[in-house]
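Here is a short report for a reader who is new to this structure. Please look over the sequence and the model first.

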Amino acid sequence: MKKPPASSLWQRLVVRIPYAWLLIFFLVPFLIVLKISLSQTAIAQPPYTPVFSLVGGWRGLAAFFSELSLDNYRLIGSDSLYVLSYVKSLEIAAFATLVLLVIGYPIAYGIARTPRRIQALLILLTMLPFWTSLLIRIYAWMNILQRDGPLNDALMALSIVKAPPAWLSTDTAIYIGIVYSYLPFMVLPLYATLEKLDESLLEAAADLGCPRWKTFWLITLPLSSAGMLAGVLLCFIPIVGEFVIPDLLGGSQSPMIGQTIWMEFFGNKDWPAASAVAVLLVCVLVTPIVIYQNQAMRALERE
Amino acid sequence: MRKVSAFNVVAIVIGIAFLYLPIAVLVIYSFNASRLVTVWGGWSTRWYAELLHDEALLDSAFISIRLALTAATAATILGTLAALALVRFGRFRGRLLFASMIYAPLVMPEVITGLSLLLLFVAVAVDRGFWTVAIAHTTMAMCFVTVIVQSRLVDFDMRLEEAAMDLGAPPLRTFFGVTLPLILPAIAAAWMLAFALSLDDLVIASFTTGPGATTLPIRIYSQVRLGVKPEMNAVCSIMIAVVGVAVIAASLLGKLTGARGTPARL
């Protein structure tokens with residue numbers, strides 16, 4: 001398509017304004033985190049050293065670089081608290097994502113098979129909780145999971161348990177909170193691919209005498225793999241760094257990595273350590289993030 | 001023909017029930033007369049009445065709404081520009097980096113976004129408060145705006161713009177007269193999402209806030225982390241009601257404008 005030259009100034013502005021914003025407020029801050037993760041804690045304002053400054057010229061810059069060190073990373077590698085925190089986060093994210101896939105798939109599949117007019121309503125109903133604050137939804141679960149809360153009341157009334165079990169401050173509570181909060185993110189991309197599924201393929205399989213479970217296994221499941229991948233990434237990546245859910249529902253003994261960053265920062269006021277933990281977290285997540293980006297971009301261009 | 005099996009219905013019903021039961025429990029408890037949250041003391045609106053006397057909470061609510069209005073508007077403008085850049089201007093220099101910076105914040109854990117922005121504000125020695133949180137929320141929300149507007153622009157019928165230009169409309173006029181009205185429903189939806197994201201955010205706001213800018217989620221969090229409180233049930237119920245009504249209204253509105261937009265798009 002040809003563009004009239006008169007618009008080129010506007011064109012450049014349209015690209016450059018958001019570009020500049022993201023460079024300043026997304027990329028540069030991350031470089032600062034990287035730099036501070038190589039600094040030392042100091043009792044000063046800001047609480048780390050060396051402080052980057054262009055006043056000293058080249059000599060100052062050289063001195064600045066010579067003061068950077070990998071000490072924070074060595075600390076993280078040697079302290080089992082940090083290592084356990086990463087392992088626990090990845091473990092919870094992986095298992096919760098699997099549970100989400102198993103629960104979310106039948107829901108998305110069911111919605112995709114209902115008549116079109118009901119589909120829109122059901123999707124609205126699925127998305128509505130996502131619009132209300134995560135904090136509030138997790139708080140609702142704090143109500144339910146209390147020792148004398150409605151869940152235990154129901155379990156006792158049905159005599160499934162004899163004594164009320166403690167739910168809060170357990171990993172089970174974290175899983176419940178995560179599965180509850182992220183369910184819309186799993187259902188939506190799955191629904192989007194299942195809804196586009198060509199019905200005639202299923203009819204052809206049925207006509208040729210293929211049993212329904214086999215049709216599902218050989219046709220539906222492979223054709224919805226893009227939706228599954230999108231759902232899995234959309235859940236897994238943020239869950240690894242989740243803070244609110246483990247903080248309100250989980251126990252205090254073994255924190256997830258988001259809590260560790262929060263504690264180092266607000267509790268211990270150790271900014272360099274918090275930064276190093278954050279940098280390592282991004283390193284862990286960079287592969288899934290890149291896969292997610294490619295997938296999202298391709299999905300948009302295919303439409 | 002599609003057939004809905006019993007299994008499909010059961011999956012949907014259980015799924016929806018799972019999503020709504022906790023919210024229903026919270027709303028019911030907010031009307032509990034008893035101070036002991038789990039002991040039912042009859043219906044009452046006393047916790048709602050008590051909220052009106054909680055100055056600090058009302059202040060925070062006011063700050064949060066002002067913040068969400070500011071951040072949503074800024075994010076919508078920036079995000080729409082970014083969407084136009086990605087869809088319309090093809091392969092400009094640095095497009096890959098640009099696209100990565102749009103998609104990465106969508107899944108980036110909030111602790112990292114919050115921490116990195118705070119360190120930026122400290123590095124340039126800005127006083128933290130309302131405006132630093134507004135900038136942080138704008139950055140986070142604009143990427144969601146971009147994705148929504150982008151998906152609308154992708155299936156935009158270019159012939160409409162070409163027709164306007166052929167008839168002599170200058171590019172800017174074409175944009176404001178033809179393009180913008182057609183993508184307006186997407187922009188409105190994106191603004192609402194940005195508003196909700198800002199209103200709900202706890203983590204990023206906690207990192208980037210300063211004195212005098214305690215948002216409602218920060219206030220609620222500081223109360224509920226110590227346990228369940230009846231006043232908090234009431235606050236949360238009000239927020240749920242506000243958001244619920246707004247989203248349902250917007251989707252009805254979207255359906256109306258969408259229905260009107262269909263013949264134009266053919």
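Helix α8 of chain B covers residues 171-200. It has 30 residues, yet its end C-alpha atoms are only 38 Å apart. A straight helix would reach 44 Å at 1.5 Å a residue. Where does α8(B) kink? The kink lies at B:Leu184, shortly before the proline B:Pro185. Its angle is about 55 degrees.

## Confidence

This is a predicted model. The predictor gives the complex an ipTM of 0.84 and a pTM of 0.86.

Chain B has an average pLDDT of 84, and 93% of its residues score at least 70. Which elements of chain B mark the two ends of the range in mean pLDDT? Helix α9 (residues 203-208) of chain B has the highest value, 93. Helix α11 (residues 230-265) of chain B has the lowest, 69. In residues 258-266 of chain B, pLDDT stays under 50. The model has three contacts beyond four places in sequence for that stretch.

For chain A the mean pLDDT is 83, and 88% of the residues reach 70 or more. Residues 1-6 of chain A have a pLDDT below 50. Beyond near neighbours in sequence, that stretch has two contacts in the model.

## Layout of chain B

Chain B holds eleven helices and zero strands. Taken along the principal axes, the C-alpha atoms of chain B fill a box of roughly 70 × 60 × 30 Å.

## Where the chains meet

## A helix pair in chain A

Two helices of chain A pack against each other: α4 (residues 80-113) and α11 (residues 225-240). Their axes are 9 Å apart, at an angle of about 145 degrees. The crossing of α4(A) past α11(A) is right-handed.

Which residues meet in this pair? From α4(A) come, among them, A:Ser89, A:Ala93, A:Leu100 and A:Gly104. From α11(A) come residues including A:Met228, A:Val232, A:Phe236 and A:Val240. The residues of this contact divide into twelve nonpolar, four polar and no charged.

Technical notes. Residues numbered from 1 in each chain as written. Chains lettered and ligands numbered in written order. Predicted model: local features only at pLDDT ≥ 70, side-chain atom pairs only at ≥ 80, totals over all residues. pLDDT = per-residue confidence, 0-100. Helix = DSSP H or I, 4+ residues; strand = E, 2+ residues; numbered from the N terminus. Contact = placed C-beta atoms within 7 Å. Axes fitted to C-alpha atoms, helices over the stretch in contact; angles between N-to-C directions. Left-handed = near helix turned anticlockwise from the far one by under 90°. Nonpolar A, V, L, I, M, F, W, Y, C, P; charged D, E, K, R; others polar. Expected span 1.5 Å × (residues − 1). Bend = angle between axes of the 7 residues up to and from the residue.
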